[in-house]
Amino acid sequence: MFSNILIYFVVIPLLMLAGLALCRNIKQIRAVAVVGSLVLTALSVVLLVQYLDLRAAGDESPMLFCDSWQWFTPLNINLSVGVDGISIAMLLLSSIIVFAGSFASWKIDQPKEFFLWLILLSTGVFGFFITIDLFTMFMFYEVALIPMYLLIGVWGSGNKNYSAMKLTLMLMGGSAFLMLGLIGIYYHSAPEGQPLTWNLLEIAQNDAISHGWQTFLFPMTFVGFGVLGAMFPFHTWSPDGHASAPTAVSMLHAGVLMKLGGYGCFRVAIYLMPYAANELAWIFLILTGISVVYGAFSACVQTDLKYINAYSSVSHCGLVLFAILMLNTTAMTGAIMQMLSHGLMTALFFALIGMIYGRTHTRDIRLMGGLMKIMPFLAVCYVIAGMASLGLPGLSGFVAEMTIFVGSFQHADMFHRVFTIVACCSIVITAVYILRVVGKLLFGPVYDKHHLELTDATWWERTSTITLIICVAGIGCFPNFFNELINTTFSPEIFRVLGLN
């Protein structure tokens with residue numbers, strides 16, 4: 001029906017929504033969720049193979065599989081699609097986490113309505129990563145954000161209404177800044193006398209945004225996306241939202257949705273306004289550097305497992321934006337690898353926290369202990385996730401963070417090197433809170449004797465966690481594959497626009 005493979009990343013979730021609407025029992029609902037997410041994962045792998053074949057054949061175009069369908073002619077709005085190495089990496093990440101999240105939500109209440117909203121959120125995520133039209137990208141961005149309110153407000157826990165409203169208001173506020181920035185880019189997207197465009201590639205080629213307008217529009221666009229990336233001081237929605245969200249929503253939110261922020265900062269703010277990025281990067285480096293250290297210190301003083309992981313996400317996502325702002329290929333490659341690494345390990349963390357909470361009915365580490373004796377499978381998985389987070393060699397966190405720090409230290413000036421050293425300190429702080437939680441939660445005497453009656457992971461929980469662990473170990477053991485995939489993005493055209501070194 002469609003000749004372009006990319007459009008199926010939107011068509012398949014829409015078919016899943018139609019299938020869920022027709023389901024009459026829990027088995028059918030689970031089947032649609034699992035089969036649909038498995039098909040999306042397979043489609044991502046097929047796209048990866050085709051993409052690598054085209055690159056190997058010598059195609060150096062900035063985007064591949066480009067196509068466009070006219071949507072609204074008066075404003076030149078089109079459904080324009082295209083991908084590069086970064087886009088494909090994000091599609092792979094998204095499909096894997098949706099697949100793992102389907103198993104993590106095996107026993108969710110009101111499963112039909114839950115999966116309908118979850119798949120709608122996924123539709124927005126996939127659409128965002130495949131589109132190269134700014135208006136359509138913003139539309140998919142909003143589609144990904146809006147379901148969060150209901151998913152947290154209805155299926156969440158704790159102070160869920162407050163968390164859902166806070167998250168929605170702050171992200172909508174960021175969207176307002178982003179919308180203003182995108183409209184400004186559109187009205188300066190082409191030289192005078194030529195038709196205006198929303199197409200990313202055409203805007204970059206036209207290079208018509210003056211230095212003055214870049215300086216004005218860049219902060220709006222970067223802050224708009226940076227709010228979703230939990231950039232200080234706009235991060236406060238993240239810990240509350242994660243703490244109240246159901247397991248699969250936390251997995252998708254921290255694992256994928258927050259990556260829209262970093263991806264958008266690179267793809268839109270920096271790529272389209274390189275002059276302003278070079279001139280204003282120091283301001284946002286300060287903010288993101290604060291995010292990295294502040295998030296790690298905040299995680300040290302938390303006692304709720306979800307809040308610990310949520311503040312850890314603030315730190316790790318801050319590191320993504322920090323690396324992007326370094327504006328060199330090594331640091332930017334590390335930023336994308338950090339997106340993949342953090343997406344997988346934080347999804348694993350939230351899945352395990354949800355499984356432990358479902359058994360112990362508490363997330364307070366002061367009320368748990370000795371779980372390694374009771375549920376050894378889940379405990380070992382938690383240790384692996386923790387080791388990935390603190391950067392143990394052989395796992396994804398080490399590869400990503402080392403690439404970031406090496407790339408960041410390439411700058412010869414004192415400012416960049418001092419902030420790189422400050423960001424490096426987060427590794428030590430991360431080790432503190434990870435080892436503290438592992439020691440308190442899993443080892444020592446059993447805190448509550450009722451916990452001795454608890455069971456270990458079921459088959460669907462093992463499927464979810466093993467899938468994510470394999471991916472975390474895969475990136476850590478075979479980093480060159482992912483490094484080469486990401487580096488295909490930095491084509492001669494990208495070098496020309498950004499002046500990368």
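1. Let's start at Glu484, which counts as exposed because its relative accessibility is 53%. Exposed here means over 50% relative accessible area, buried means under 20%, and partly exposed is in between (1.4 Å probe, protein chains only). Glu484 sits in helix H21, residues 479-487. Helices (H or I, at least four residues) and strands (E, at least two) are DSSP runs, numbered from the N terminus. Between Glu484 and Pro191 there are 36 Å in space, C-alpha to C-alpha, and 293 residues in sequence.

2. A word on what you are looking at. This is a predicted model, where local features need pLDDT of at least 70 and side-chain atom pairs count only at pLDDT 80 or more, while totals for chains, interfaces and linings use all residues. Residues are numbered from 1 along each chain as its sequence is written, and side-chain values use heavy atoms, with hydrogens and water left out.

3. On to the charged pairs. How many salt bridges does the structure hold? There are five, a salt bridge being a side-chain nitrogen of Lys or Arg within 4 Å of a carboxyl oxygen of Asp or Glu. As a general point, side chains of opposite charge can pair when their charged atoms come close.

4. One of these pairs is Asp84 with Arg267, at 2.8 Å from N to O. This pair links distant parts of the chain, 183 residues apart: Asp84 is in the loop between strand E2 (77-83) and helix H3 (85-104), and Arg267 is in helix H12 (residues 259-272). Asp84 counts as buried because its relative accessibility is 1%. Arg267 is buried too, with a relative accessible area of 2%.

5. Next comes Lys166 with Asp240, where the closest N and O atoms are 2.9 Å apart.

6. Arg359 and Glu461 make another salt bridge, with 2.7 Å between the closest N and O atoms. Here again distant parts of the chain are linked, 102 residues apart, with Arg359 in helix H15 (residues 329-360) and Glu461 in helix H20 (residues 459-477). Arg359 and Glu461 are both buried.

7. Now for the greasy bit of the surface. Which residues make the nonpolar surface patch of about 490 Å²? They are Trp117, Tyr149, Leu150, Val154, Met165 and Leu169. Patches are made of residues with over 30% relative accessible area and no salt bridge, joining like charges within 9 Å and nonpolar side chains (Val, Leu, Ile, Met, Phe, Trp, Tyr) within 5 Å. The accessible areas come from the Shrake-Rupley method with a 1.4 Å probe, and for residues only the protein chains shown count as cover. Helices H6 (147-155) and H7 (160-186) each supply at least two residues of the patch, and H6 gives the most, with three. Leu169 is in H7, and Leu169 counts as exposed because its relative accessibility is 55%.

8. Have a look at helices H13 (residues 274-300) and H14 (residues 305-324) as well. They pack at an angle of about 155°, with their axes 7 Å apart. Axes are lines fitted to C-alpha atoms, for helices over the stretch in contact, and angles run from 0 to 180 degrees between N-to-C directions. H13 and H14 are therefore roughly antiparallel to each other; angles over 145 degrees count as roughly antiparallel, under 35 as roughly parallel, 65 to 115 as roughly perpendicular and the rest as oblique.

9. Thr221 is in helix H9 (residues 211-228). Thr221 is buried, with a relative accessible area of 0%. Thr221 and Gly181 are 40 residues apart in sequence, yet 5.1 Å apart in space, C-alpha to C-alpha.

10. Last, some backbone details. Phe232 and Pro233 are joined by a cis peptide bond, with omega at about 5°, and Pro233 is in the loop between H9 and H10. Phe65, which is not a glycine, has a positive phi near 60°. Phe65 is in strand E1 (residues 64-72) and counts as buried at 19% relative accessibility. His361 is not a glycine either, but has a positive phi of about 60°. His361 lies in the loop between H15 and helix H16 (371-374) and is exposed, with a relative accessible area of 63%.
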